[in-house]
Amino acid sequence: MLSVREALGQLLDAARPVPDTETVPTLEANGRVLAEDQRATIDVPSADNTQMDGYAVRAADCASGSATLRVSQRIAAGSVGEPLEPGTAARIFTGALIPPGADAVVMQEQCEVVGDSVTVRHAPRPGEWIRRRGEDVAAGAVILPAGTRLRSQELGLAASVGLARLPVRRRARVAVFFTGDELAMPGEPLQPGAIYNSNRFTLRGLLENFGCAFTDYGIVPDSLDATRATLREAAREHDLIITSGGVSVGEEDHIKPAVEAEGRLNLWQIAVKPGKPLAFGDIRRKDGACYFIGLPGNPVSSFITFLLFVRPFLLRLQGVSGPVEPRGYSLRADFTLPKGDRRNEFLRVRVNAAGGLDLFPNQGSGVLTSTVWGDGLVDNPPGQAILEGDLVRFIPFDGLQH
């Protein structure tokens, strides 16, 4: 079996960004991936302006630390002041342009106003509380490189330089289906031996979080012919097929032989717990091939292997060029694990009030409550026991689901 690192490396080496691009309004680009570098068309700020409500002055006029000056004008944000006469001050408000002649701003808390005069109880340095033109962004600079996945802050930066539309990769097209004659949908009568298909809800939610255009083929019967037919149909117009269940070695597990008949299987079984029977390959079609990832059927295994393997693969598929591997942090274990598993185990844990990690008592691959109770995962190496107080690698769920 491949290690987690080896398996993820193979997936990312195989991933190729979708080739098609489109231009969308910046207001509608949240979660999309830039297809081209974006450059600033203006300086930001576009002119020197004040960071504070206060008084624009000449620093030399206030060198005494207690200078009384006539207030010669009032400058609000969005208006342009007159040149500042020596020996005077301009009342100025946050964001307003610095008038010619002024070289400092004194915050209003350091000033006393009597009539049309102000006493400045401070000796400002030239440049104090002034935002200089272009200090945030210089015109012509690359502000967002190609391959950036756009979040709210990137959209704000694009808007700040006047970019109304952005070139982005098209959304990844993903097909998803679920195998198992025992599966039923919530709202249906639950027959003896049947279970509700929770994976359908979990995986659809994750695909929505990542902005995929997906087709849900629902529950496919446990037969080789039905599985092959669904793979062929799904491969025609999708970039990736994701399945849940049927990837083990039982007589009713048809995913592996179906993929081998309709394409090829490049990876099968990983030294990970939960989630060993994960599969990766591709399905043939007229114009090439469609990627395939088969997830285990146990709900925790399906959820965790999606976060660890499908998420980074999807991000690469959508054109993200930066790091996509799960990010971990060192935190203190407030629990003991007397014996590590022979596989790389991912334990469901929660951050407690003392800043340490508590372990969910039942780490079974079917215990979905552990994923709701927990804040994230401990990435525990093969054979590694954990003693209370040890530092462990913690991967928060918040950083894996968007």
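## Helices H1 and H6

Helix H1, which covers residues 4-14, and helix H6, which covers residues 299-317, have axes that come within 9 Å of each other and cross at roughly 25 degrees. In this predicted model, an angle under 35 degrees counts as roughly parallel, and H1 and H6 are therefore roughly parallel to each other. Where H1 passes H6, the crossing is right-handed.

On the side of H1, the residues that make this contact are Val4, Ala7, Leu8, Leu11 and Leu12, and they meet Leu308, Phe309, Pro312, Phe313 and Arg316 of H6. Sorted by class, the contact of H1 with H6 holds nine nonpolar residues, no polar residues and one charged residue.

## Helices H3 and H6

Helix H6 also packs with helix H3 (residues 198-209): the axes of H3 and H6 come within 11 Å and cross at roughly 25 degrees. That angle makes H3 roughly parallel to H6, and the crossing of these two helices is right-handed.

The contact draws on Ser198, Asn199, Thr202, Leu203, Leu206 and Leu207 from H3, together with Pro299, Ser302, Phe303, Phe306, Leu307 and Leu314 from H6. By class, eight of the residues in the contact of H3 with H6 are nonpolar and four are polar, while none is charged.

## The sheet from E16 to E18

Six strands make up an open sheet whose order is E16-E13-E17-E21-E20-E18, and the pairing within this sheet is mixed. At its edges stand strand E16 (213-220) and strand E18, each of which pairs on one side only. From one strand to the next, the twist of this sheet averages 20 degrees.

Within the sheet, strand E20 (residues 279-285) and strand E21 (residues 288-295) run antiparallel and are joined by seven bridges.

Arg264 lies in strand E18, which spans residues 263-268. When neighbours within four places in sequence are left aside, the residues in contact with Arg264 are Val259, Gly281 and Asp282. With Asp282 there is also a polar contact between the side chains, at 2.9 Å.

How far apart are Arg264 and Pro126 in sequence and in space? The two are separated by 138 residues in sequence and by 69 Å in space, taken from C-alpha to C-alpha.

## Helices H4 and H5

The axes of helix H4 (residues 224-236) and helix H5 (residues 255-262) come within 9 Å and cross at roughly 50 degrees. H4 and H5 are therefore oblique to each other, and their crossing is right-handed.

In this pair, Leu224, Thr227, Arg228, Leu231 and Arg232 of H4 meet Ile255, Pro257, Ala258, Val259, Ala261 and Glu262 of H5. The contact of H4 with H5 comprises, by class, seven nonpolar residues, one polar residue and three charged residues. Val259 of H5, which takes part in this contact, is also among the residues that Arg264 touches.

## The sheet from E7 to E8

Another open sheet is formed by six strands in the order E7-E4-E6-E5-E9-E8, and here too the pairing is mixed. Strand E7 (104-107) and strand E8 (111-114) stand at the edges with a single partner strand each, so one side of each is left without a neighbour in the sheet. The twist in this sheet averages 40 degrees from one strand to the next.

Strand E4 (residues 54-57) pairs with strand E6 (residues 88-92) in the antiparallel sense over three bridges, and Ala56 has Ala90 in E6 as its bridge partner. Strand E5 (residues 67-75) and strand E9 (residues 117-120) also run antiparallel, joined by four bridges, with Leu69 opposite Val118 in E9.

## The hairpin of E8 and E9

Strands E8 and E9 pair in the antiparallel sense over four bridges, and Cys111 has Val120 in E9 as its bridge partner. The two strands form a hairpin with two residues between them, and Gly115 in the turn has a positive phi of about 60 degrees.

Terms used
Residues numbered from 1 in each chain as written. Predicted model: local features only at pLDDT ≥ 70, side-chain atom pairs only at ≥ 80, totals over all residues. Heavy atoms only, no water. Contact = heavy atoms within 4.5 Å. Polar contact = N/O pair within 3.5 Å; in protein donor to acceptor, adjacent residues only side chain to side chain. Axes fitted to C-alpha atoms, helices over the stretch in contact; angles between N-to-C directions. Parallel < 35°, antiparallel > 145°, perpendicular 65-115°, else oblique. Left-handed = near helix turned anticlockwise from the far one by under 90°. Nonpolar A, V, L, I, M, F, W, Y, C, P; charged D, E, K, R; others polar. Pairing = 2+ DSSP bridges.
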